[in-house]
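Dear colleague,

I am passing on the structure below, together with some notes on what came out of going through it. Please look it over before reading further.

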Amino acid sequence: MQTTGSPEITTKSSDPVIVVLQLSGGNDYLNTVVPHADPLYKDYRPIVNVADEDVLHLDDQIGFHPSMGPIQKMYQDGNVAILHGVGYENSPRSHFRSMDIWHTCEPETLGTEGWLARIVRDIDPNKENVVTAVSMGPSLFRALVGPGVPVATVENINSYGMLTGLTPEEKLNRVLTRYRRMYSPAIGSGKVMDYLGQTGLDALKGADILAAAPANYTSDVEYADSSVGKKLKGIAQIHLAGLGSRVFYLDHSGFDTHADQIATHARLWSEVSTAIQDFFDDLEAHNAADNVVMFLFSEFGRRVYDNGAGTDHGAGGVCLAIGKGVKGGQYGEYPSTKTSDLDQGDLVPGTDFRSIYTTLVEDWMGLDPISVVGGNFEKPEFITR
Amino acid sequence: MSDNDLKLMAHLMRRAGFGASRDELERRVETGYDQTVDELLNPDSQTPVDYYEFLRYYPLWWKPGTMGGLGHAGWVWRMINTQATLQEKLCLFYHQLFATGVAKVDHYDEIEDMIDMFREKGMGSYKTILMEIAHSPAMLFWLDNHENHATSVNENWGRELLELFTMGVSNYTETDVRECSRAFTGWTLSHKLPRFHMGRWDWEFEYRPEDHDAGEKQFLGHTGNFDGEEIIDIILAQPATATFIARHLYSFFVADEPQVPAWSVTPPNNPEAVQAIADNLMASDYHIGTALKFILTSDFFKESVFAKVKNPTEVVIGTLRLVGNTERPSPETMQWATDITNMGQDLLNPPSVEGWHSGIEWINSGTLMKRTNFTAELISDRSRPGVTSILDRVMAAGNSPEALVDACLDVMGPLEIAPESRLELIEHATALANENTNGNGAKNTDSISTISEILQLIVSLREFQFA
């Protein structure tokens with residue numbers, strides 16, 4: 001562990017925090033929020049369906065997938081907003097392109113700057129906190145990429161840091177001490193060397209700050225053993241350490257269920273739901289849940305007709321917002337499933353994803369949404385803050 | 001063999017390849033600098049990579065399609081193992097210049113076809129490359145030329161052809177963009193649908209004469225019923241085109257320039273060198289091999305040691321070629337391909353048609369950490385033949401901390417570092433030596449660990465980020 005004393009805490013514990021959970025691959029809307037009363041549902045889904053008796057009914061129209069028990073409970077407690085029919089016009093049905101659009105808010109042109117990077121810049125324009133944004137997992141998601149925006153990408157909170165492959169600890173500390181000296185501003189000259197020096201020291205500082213998180217963490221909550229559970233546990237540790245991190249990102253992949261959807265989709269939602277429950281239970285036990293909203297999205301929903309074993313790429317999907325700051329309920333309309341209303345066999349989204357972002361940015365994070373999402377969008381009011 | 005020859009050869013191999021082991025550098029110094037340049041420019045003289053070897057292990061990579069995030073793994077394996085390093089480096093150059101990505105094209109296959117074309121034709125005429133690109137289904141779709149019709153012009157391809165691939169902004173008018181785009185109407189692709197149920201067919205170029213605007217066009221001072229090829233000929237006759245391509249070559253092979261969008265307002269760091277490359281291009285009718293030979297044998301190239309920040313591909317491939325035991329396609333190969341992505345360069349999926357911002361913009365706190373950890377782990381893996389060879393060479397150099405540090409710096413580059421950094425390393429080696437010496441003044445056996453630790457510090461140096 002590369003600790004160098006306690007970090008400075010520059011934020012209030014009540015500052016709003018957003019956790020974005022990306023369901024990679026294209027989550028099937030129809031089998032996540034099942035329109036069980038819709039007679040067309042079984043016509044479209046003769047094989048890849050959720051049996052009516054298994055659906056976790058929310059009302060006389062819709063219900064959750066049976067793996068989503070924990071989320072149903074939170075919904076009943078009024079802490080889950082179901083955001084119906086979210087997407088954008090002319091969905092390309094491409095994983096890559098769709099994900100890009102969600103990340104950059106640029107459905108027309110190729111964007112290079114992430115919407116969350118813009119949030120981070122607004123929160124911390126002077127880059128005073130190098131861990132304002134933390135991405136859990138090895139990838140640097142485009143949503144978090146922006147010029148000069150520091151992001152900690154943490155694959156594993158317990159081994160995060162510079163040169164952490166070095167063992168034993170004595171050796172690591174010895175090498176890092178030397179590293180610090182070699183990165184000192186006194187050495188080298190010129191803009192590029194200065195920038196590299198500052199970046200190296202920032203990286204060390206971020207690692208030091210984050211290293212304190214698991215060390216100070218204790219909890220009675222035992223997270224279920226899944227990759228998404230591990231990531232959320234890491235986020236809980238950082239959040240509970242009060243390091244001023246305001247934006248967290250993680251993904252869970254495998255939702256591209258062209259085949260074997262029934263078993264796969266059930267497993268994925270079981271992992272996700274359980275992990276989310278563990279996460280909020282953990283925060284609640286530490287009295288630190290009030291300022292956290294989690295937002296779940298996927299790059300697109302899936303084709304209305306099943307293909308016999310799974311479903312293919314579609315358009316409109318469903319998002320969820322979870323947390324005490326959320327005004328529970330349903331927002332927007334479930335898109336019409338009438339065959340004549342489908343677009344190339346897909347649900348037509350009735351809500352632009354940037355509307356949802358607008359609510360999150362303005363009502364939850366308290367920032368100007370227009371510069372973040374690139375325009376004025378009507379916002380559904382699913383935040384109580 | 002003089003130190004200077006070795007340093008120069010190392011420089012050449014970093015730029016015209018991905019770096020080389022000391023054994024390879026010594027062998028090449030024996031061959032001679034100019035002869036090595038000639039070899040690099042004649043990839044057919046090298047034993048080619050047997051791509052079927054890769055496909056035997058990973059048959060899905062024959063057509064990676066929409067495979068999530070790993071479609072570039074086959075190319076990565078080639079870069080790790082090729083003997084014709086300049087050929088692959090040039091593919092990387094063109095991929096950065098004609099940046100095309102699965103974010104829109106959706107399918108790796110057509111972009112891989114583009115890379116294959118760069119591999120096959122990259123050292124030839126730039127006009128050939130432009131014509132191939134103008135016929136590339138991936139590019140036509142990427143820049144919407146399939147939506148460019150005689151009756152409704154879509155200017156995306158026409159504009160980028162001028163702005164990014166040939167002349168650079170401020171050298172043409174909006175009318176030129178329009179007229180250029182008109183000349184490419186009807187240049188489209190077939191089989192763009194269906195995508196669903198039955199997968200997707202390979203795309204092919206298709207010319208639709210009924211959708212081509214064959215009318216008169218006024219383009220860059222010329223008037224005629226131009227089609228796409230004639231437009232390209234007119235573009236290539238512009239001195240601005242030669243200068244623009246020259247600056248690209250300079251920025252990629254010689255020394256980092258500002259980002260491309262700044263070029264119209266920021267002069268080159270070395271205008272004489274760029275002009276010399278441009279003159280060479282004009283004289284050779286844009287023969288890229290000729291221009292590369294001119295660059296690699298020029299004084300301005302030889303004087304530009306460590307004037308570039310390594311891109312992520314150079315970091316990963318360079319490290320792997322140094323440590324060795326990388327030939328067999330394996331899950332490690334896949335991991336290395338992912339490592340490049342995680343360092344900020346998702347090959348075959350650049351962030352936009354402008355390609356990646358390069359130079360110092362590769363570095364942020366996250367990517368710097370990944371770069372450092374990646375190389376530090378491999379350089380201390382004593383199971384790898386390249387590492388053993390480095391350790392042997394350093395062991396043979398003598399016992400004093402100074403000798404050890406200098407030998408490490410020598411065999412890792414030779415690297416040039418700030419004198420203060422060298423002193424820090426010597427201090428570190430001295431401290432370790434004292435620790436390794438027992439009370440009787442006898443030396444402990446652990447000098448390999450000392451060397452290993454110094455090597456890890458060296459790859460963590462700021463100076464190590466440069467090529």
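What should the 13 residues of helix α15 of chain B span at 1.5 Å a residue, and how far apart are its end C-alpha atoms? Before the reply, please bear in mind that this is a predicted model, in which local features need pLDDT of at least 70 and side-chain atom pairs count only at pLDDT 80 or more, while totals for chains, interfaces and linings use all residues. Residues are numbered from 1 along each chain as its sequence is written, chains are lettered from A and ligands numbered from 1 in the order in which they are written, and side-chain values use heavy atoms, with hydrogens and water left out.

Helix α15 of chain B (residues 271-283) should span 18 Å, and its end C-alpha atoms are 18 Å apart, which agrees; the expected span is 1.5 Å times one less than the number of residues, and helices (H or I, at least four residues) and strands (E, at least two) are DSSP runs, numbered from the N terminus. In this helix B:A273, B:V274, B:I277, B:A278, B:N280 and B:L281 are buried, where buried means under 20% relative accessible area, exposed over 50%, and partly exposed in between (1.4 Å probe, protein chains only). These residues cover an arc of only 160° around the axis, which puts them on the same side of α15(B), the arc being that of the directions from the helix axis to the C-beta atoms. On the other side of α15(B), B:E272 and B:A283 are exposed.

B:S170 is another non-glycine residue with a positive phi, about 80°, but B:S170 is exposed, at 60% relative accessibility.

Two cis peptide bonds may also be of interest. One runs from A:T167 to A:P168, with omega near -5°, and A:P168 is in the loop between β7 (152-154) and α5 (169-182) of chain A; another joins B:G413 and B:P414, with omega about 0°.

As for chain A as a whole, it has 10 helices and 12 strands, and buried residues make up 61% of its 385 residues. Its C-alpha trace spans about 70 × 45 × 40 Å along the principal axes.
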